[in-house]
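Let's explore a protein model together, one question at a time. Have a look at the picture first, then follow along.

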Amino acid sequence: MNDEGIRQAVAADVAAVRAVTDAAFSPYIERIGVAPVPMEADHAANVAAGRVFVTGDPVIGLVVVEAHADHLFLDSIAVHPDAHGRGVGRRLLEFVDARARVLGLSEVRLYTNALMWENQQLYPTFGYEVVERRGDGPYARIHYRKRLD
């Protein structure tokens, strides 16, 4: 699998976006008791809206982002388990920072499920700080932000 380069997803990528998202998040279903939100996303609509960026041929990783007036929201990041340990997630997070800068935004925001303990260790190593913890229906969420230089 080649994982060099990150590009905007196109309609032909929707099935791969769904497959990578499901592979990345399905291990959490048992832990949190419900399907993680990214698994329920309308992938075709996100791709059509230009919110999805992918890497690899075939696709092994992706981010879903949404620009707001004062920040870039990282809605989802997913790396196929077969590609773990190859720096794909790091490159995707670096891409998100670069994308925010290109859009003239000085902050990236995201949230993760409080039961996804791995993320609580990961995001701070990339400069994210916890802003708040709050519930949203069946999900306990931790909200993060990263201020860009």
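Predicted model: local features only at pLDDT ≥ 70, side-chain atom pairs only at ≥ 80, totals over all residues.

Residues are numbered from 1 along each chain as its sequence is written, and side-chain values use heavy atoms, with hydrogens and water left out.

Q: Is Phe 95 buried or exposed?
A: The rule for buried is under 20% relative accessible area. Phe 95 has a value of 18%, so Phe 95 is buried.

Q: How many aromatic pairs are there?
A: Rings of Phe, Tyr and Trp (its six-membered ring) pair if their centres lie within 6.5 Å; planes under 30 degrees apart are stacked, over 60 edge-to-face, and the rest tilted. By this rule, the count of aromatic pairs is 5.

Q: Which kind of aromatic pair do Phe 53 and Phe 95 form?
A: Their centres are 4.9 Å apart. The angle between the planes is 50°, and the pair is tilted.

Q: Which residues do ring pairs link into a cluster?
A: Tyr 123 and Tyr 144 are both buried. Ring pairs join these two with one further tyrosine, giving a cluster of Tyr 123, Tyr 144 and Tyr 128.

Definitions and conventions:
Buried < 20%, exposed > 50% of the residue type's maximum accessible area, 1.4 Å probe, protein only.
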